[in-house]
Amino acid sequence: WGWKEPNTHIHVHRIALRIPRIRYVHVMRNGLDMAFSANQQQVQRWGERLLGHPVDGSPRHSLRYWVVVHRRIESNCMRLGGHFMLLNYDRLCTQPERELPALLHFAGADASAQACARLKPMIRPPESIGRHRQHGLHAFDARDVDYVRSLGFEVG
């Protein structure tokens with residue numbers, strides 16, 4: 001069983017102490033697309049605490065928050081070893097034949113070609129993938145954009 005709770009990353013290291021055999025899949029969207037999302041609840045709730053200064057809701061602060069969160073996730077979840085998977089949502093949507101078997105195998109589920117073929121039609125990429133292209137990159141710190149790129153996301 002599982003849950004979809006984006007704020008789990010805040011407490012996953014504590015959860016793992018209580019549930020040593022946990023399998024944690026962190027699904028990540030392109031930080032540039034998330035910076036231009038209308039939903040900024042996580043930044044509003046956790047931004048000041050994780051960034052160490054007030055946040056203004058700008059795309060720049062949103063991306064900075066995304067970068068800090070994902071660096072923190074990488075650091076905290078390294079301790080989980082084989083119990084952690086970082087899943088690139090964009091790649092799942094564009095290359096499900098590559099990502100589905102890995103996800104299913106990680107979850108201990110049937111990862112056969114037949115199982116993947118049954119699941120593939122359920123993956124429907126949202127229109128928001130690539131929304132950052134409408135805005136450009138001028139608002140962002142180049143190091144933050146480089147980090148997004150390092151995780152395999154399109155940045156142009």
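In helix α8, the residues D144, V145, Y147 and V148 are buried. Their directions span an arc of only 155° around the axis, which puts them on the same side of α8. The model is a predicted one.

**Helix α8**

- An α-helix has 3.6 residues a turn, so residues three or four places apart point the same way.
- The partners that the buried residues of α8 pack against are α2 and α4.
- Exposed residues A142, R143 and S150 sit on the face of α8 turned away from its buried side.
- At the start of the helix, the backbone nitrogen of R143 has a side-chain oxygen of D141 within 2.7 Å.
- Just after α8 comes G152, with a positive phi of about 95°.

**Aromatic pairs**

- The whole structure contains 4 aromatic pairs.
- One of them joins F36 and F140: the ring centres are 5.6 Å apart and the planes stand at 75°, so this pair is edge-to-face.
- F36 belongs to the loop between α2 (31-35) and α3 (41-51), while F140 belongs to the loop between α7 (113-119) and α8 (142-150).
- F36 and F140 are both buried.
- W66 and Y147 form another pair, with ring centres 6.3 Å apart and planes at 65°, so they too are edge-to-face.
- W66 is in helix α4 (residues 59-78) and Y147 is in helix α8, so this pair ties together parts that are 81 residues apart in sequence.
- Both members of that pair, W66 and Y147, are buried.

**A charge over a ring**

- R23 lies over the face of F106, and its distance from the ring centre is 5.1 Å.

**Cysteines**

- A disulfide is a covalent bond between the sulfur atoms of two cysteines.
- The structure has 0 disulfides.
- C93 takes part in no disulfide, and the nearest cysteine sulfur, which belongs to C116, is 15 Å away.
- C93 has 9% relative accessibility and so counts as buried, the cut-off being under 20%.
- C116 is likewise in no disulfide, its nearest cysteine sulfur being that of C93 at 15 Å.
- With 10% relative accessibility, C116 also counts as buried.

Key:
Residues numbered from 1 in each chain as written. Predicted model: local features only at pLDDT ≥ 70, side-chain atom pairs only at ≥ 80, totals over all residues. Heavy atoms only, no water. Phe/Tyr/Trp six-rings, centres within 6.5 Å; stacked < 30°, edge-to-face > 60°. Helix = DSSP H or I, 4+ residues; strand = E, 2+ residues; numbered from the N terminus. Buried < 20%, exposed > 50% of the residue type's maximum accessible area, 1.4 Å probe, protein only. Lys NZ or Arg CZ within 6 Å of the ring centre and 35° of its normal. Arc of directions from axis to C-beta. Contact = heavy atoms within 4.5 Å. Polar contact = N/O pair within 3.5 Å; in protein donor to acceptor, adjacent residues only side chain to side chain. Disulfide = S-S within 2.5 Å.
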